[in-house]
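Work through the exercises below with the sequence and the model open. Try each task before reading its solution.

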Amino acid sequence: MNRALPSFVKFVSMAALALASMTAASENKAQPAADANKGGALYANGDASRGILACVACHGNAGNSSITQNPKLAAQHEAYLQKQLYDFKGPARNNAVMTAIAKALSDEDIRNLAAYLEQQKQQPGAAKNKDTIELGKKIYRAGIAEKNVPACAACHGPTGAGIPAQFARIGGQHQDYTVAQLTNFRTGARANSTQMTAVGKRMSDEEMQAVADYIAGLK
């Protein structure tokens, strides 16, 4: 047996670790920390020179949209927002307005916008349909067993706070927007979550409306 072999293997392993550390450091250096102030300026004013519209026009002051078809973005998870903006650049989440805007955004823009929005405070919403509140609560907390629809709370939490990157903050979100997204998952118009595609395909219009209304009132 060659006694030098273990030493050589150890040397190669250490060299590989050193190279990985240098690569990681290089990547971190290439991507500076997000600047929420720059994100706020871009959100409020856009950048006409690059064809970027002001986000505030559709999503409201500090990410609190008053247009129920447009989502509230305030307090949304930074990592989740980044993922969605990148998804808008590709076929998984095609939207005439957002796809054009996302394609004009640089990586730095995306980091800055996401950092700014996560720091904002969401204005609370409210459930409006007292006739479906119990159905919405049941679906959110327990799912629909006979349709193999899991409880929304299992991924999005009891208050709709979600989990960064994977699962959105949905508590307080506009009912109209939530219904539209569930419908898009059902039809395949939105294809950036295998879990939500499966859920959307198993829910009726009535169930979507009920759970969306319940979600709107979560705090």
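**Exercise 1. Salt bridges**

How many salt bridges does a search of the whole structure find?

*Solution.* Start with the ground rules. This is a predicted model: local features need pLDDT of at least 70, side-chain atom pairs count only at pLDDT 80 or more, and totals for chains, interfaces and linings use all residues. Residues are numbered from 1 along each chain as its sequence is written, and side-chain values use heavy atoms, with hydrogens and water left out.

Next, the criterion. A salt bridge is a side-chain nitrogen of Lys or Arg within 4 Å of a carboxyl oxygen of Asp or Glu. The search of the whole structure finds seven. Among them is a network that links Asp47, Arg50 and Asp109.

**Exercise 2. Three bridges in detail**

Take the salt bridge of Glu134 with Lys137, that of Glu207 with Lys147 and that of Arg186 with Asp205. Place each partner, then class its exposure.

*Solution.* Helices (H or I, at least four residues) and strands (E, at least two) are DSSP runs, numbered from the N terminus. Buried means under 20% relative accessible area, exposed over 50%, and partly exposed in between (1.4 Å probe, protein chains only).

Step 1. Glu134 and Lys137 meet at 3.8 Å, N to O. Both lie in helix α7, three residues apart, about one turn of the helix. Glu134 is exposed at 53%. Lys137 is partly exposed at 25%.

Step 2. In the bridge of Glu207 with Lys147, the closest N and O atoms are 2.9 Å apart. Glu207 sits in helix α11 and Lys147 in the loop between α7 and α8, so this pair ties together parts 60 residues apart in sequence. Glu207 is buried at 12%. Lys147 is partly exposed at 30%.

Step 3. Arg186 and Asp205 meet at 2.9 Å, N to O. Arg186 belongs to helix α9 (residues 175-187) and Asp205 to helix α11, so the bridge ties together parts 19 residues apart in sequence. Arg186 is partly exposed at 26%. Asp205 is exposed at 51%.

**Exercise 3. Aromatic pairs**

What is the count of aromatic pairs? Describe each pair.

*Solution.* A pair of aromatic rings is described by the distance of the centres and the angle of the planes. Rings of Phe, Tyr and Trp (its six-membered ring) pair if their centres lie within 6.5 Å; planes under 30 degrees apart count as stacked, over 60 as edge-to-face and the rest as tilted. By this rule there are two aromatic pairs.

Step 1. The ring centres of Tyr43 and Tyr116 are 5.5 Å apart and the planes stand at 45°, so the pair is tilted. Tyr43 is in helix α2 (residues 36-45) and Tyr116 in helix α6 (residues 107-118), 73 residues apart, and the pair links distant parts of the chain. Both Tyr43 and Tyr116 are buried.

Step 2. The rings of Tyr140 and Tyr214 have centres 5.7 Å apart and planes at 50°, so this pair is tilted. Tyr140 lies in helix α7 (residues 133-142) and Tyr214 in helix α11 (residues 205-216), so the pair ties together parts 74 residues apart in sequence. Tyr140 is buried at 0% relative accessibility. Tyr214 is buried at 9%.

**Exercise 4. Cysteines**

*Solution.* A disulfide is a pair of cysteine sulfur atoms within 2.5 Å. For Cys55, the closest cysteine sulfur is in Cys58, 8.7 Å away, which is too far for a bond. Cys55 is buried at 17% relative accessibility, and Cys152 is buried at 17%. The search of the whole structure finds zero disulfides.

**Exercise 5. Helix α9**

Check the span of α9, then list its buried residues and what covers them.

*Solution.* The expected span of a helix is 1.5 Å times one less than its number of residues. For the 13 residues of α9 that gives 18 Å; the end C-alpha atoms are 18 Å apart, which agrees.

The buried residues of α9 are Tyr177, Thr178, Val179, Gln181, Leu182 and Phe185. Their cover includes α10 and α11, judged by contact (heavy atoms within 4.5 Å). After α9 comes Gly188, with a positive phi near 90°.
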